[in-house]
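Please keep the sequence and the structure in view while reading.

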Amino acid sequence: MAQNENQTRAQDKLNALNARTMTLYTAEKTTMNAFRGVMQAATRKGELSPALKELMAVAIAVAKGCEDCILFHVSEALKHGASRQQLVESLAVSIEMAGGPGTVYSAKALSLFDALQNGEQG
């Protein structure tokens with residue numbers, strides 16, 4: 001039962017983040033279109049896969065302590081086929097680089113990954 005609640009909460013948070021972002025997009029289309037272009041260019045397939053690039057974004061978001069960024073990039077990493085173990089290894093780098101705060105936000109990232117992954121499969 002608690003797992004379903006976590007899935008729902010993670011998905012609700014992602015939906016709320018997307019809604020807030022769309023409100024900003026509506027208010028400032030030029031800047032948000034440019035930002036979307038940067039995101040698409042940065043995560044395009046190249047020598048590094050889009051999944052790996054999203055895992056890098058998660059690791060940076062963890063080190064920066066940006067909860068909404070963690071949520072968004074965990075969701076994108078899942079969409080691109082990242083595994084839980086790949087996330088865990090990326091989070092280890094965040095912990096190395098960010099110490100105690102990196103540990104706290106790494107735990108949040110892993111919890112969100114589990115909740116979103118289980119929601120997609122359930």
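On the surface, L48, L52 and M56 make up a nonpolar patch whose members together have about 240 Å² of accessible area. A patch is built from residues with over 30% relative accessible area and no salt bridge, like charges being joined within 9 Å and nonpolar side chains (Val, Leu, Ile, Met, Phe, Trp, Tyr) within 5 Å. The model is a predicted one, in which local features need pLDDT of at least 70 and side-chain atom pairs count only at pLDDT 80 or more, whereas totals for chains, interfaces and linings use all residues. Residues are numbered from 1 along each chain as its sequence is written, and side-chain values use heavy atoms, with hydrogens and water left out.

Helices (H or I, at least four residues) and strands (E, at least two) are DSSP runs, numbered from the N terminus. With a relative accessible area of 36%, L48 is partly exposed; buried denotes under 20% relative accessible area, exposed over 50%, and partly exposed the range in between (1.4 Å probe, protein chains only). T30, which belongs to helix α2 (residues 29-42), is exposed at a relative accessible area of 63%. The C-alpha atoms of T30 and F72 are separated by 21 Å, the two residues being 42 apart along the chain.

Side chains of opposite charge can pair when their charged atoms come close. The structure contains four salt bridges, each defined as a side-chain nitrogen of Lys or Arg within 4 Å of a carboxyl oxygen of Asp or Glu. In one of them, D68 meets R20 at 2.6 Å, N to O. Because D68 lies in helix α4 (residues 67-79) and R20 in helix α1 (residues 2-27), this pair ties together parts that are 48 residues apart in sequence. Both partners are partly exposed: D68 has 35% relative accessibility, and R20 has 44%.

Another salt bridge joins the side chains of K108 and E67, at 3.4 Å from N to O. K108 is placed in helix α5 (residues 84-121) and E67 in helix α4, so this contact ties together parts that are 41 residues apart in sequence. K108 is partly exposed, at a relative accessible area of 33%, and E67 is likewise partly exposed, at 39%.

A further salt bridge links E76 to K79, with the closest N and O atoms 3.1 Å apart.

Rolling a probe the size of a water molecule over the atoms shows where empty space is left. On a 1 Å grid over the protein atoms alone, a pocket is an open set of points where a 1.4 Å probe fits, with protein on both sides within 12 Å along at least five of seven lines, and its lining residues have an atom within 4 Å of a point. Grid points are joined across faces, edges and corners, and a volume is the space filled by probe spheres set on the points.

The largest pocket holds about 860 Å³ of space. It is lined by 27 residues, of which F35, M39, F72, H73 and E76 are the closest to its centre. At least two lining residues come from each of α1, α2, α3 and α4. The lining comprises 15 nonpolar, six polar and six charged residues, where Ala, Val, Leu, Ile, Met, Phe, Trp, Tyr, Cys and Pro count as nonpolar, Asp, Glu, Lys and Arg as charged, and the others, Gly among them, as polar.

In the second largest pocket there is about 270 Å³ of space. Of its 13 lining residues, A10, K13, E67, K108 and L112 are the closest to the centre. Two or more residues of this lining come from each of α1, α4 and α5, and α1 gives the most, with five. By class, five lining residues are nonpolar, two polar and six charged.

Helix α1 also contains Q7, which is buried at a relative accessible area of 14%. The C-alpha atoms of Q7 and F113 are separated by 9.4 Å, although the residues are 106 apart along the chain. L14, also in helix α1, is buried at 7% relative accessibility. Between the C-alpha atoms of L14 and M97, 83 residues apart along the chain, the separation is 26 Å.

Conventions: Accessible areas come from the Shrake-Rupley method with a 1.4 Å probe; for residues, only the protein chains shown count as cover.
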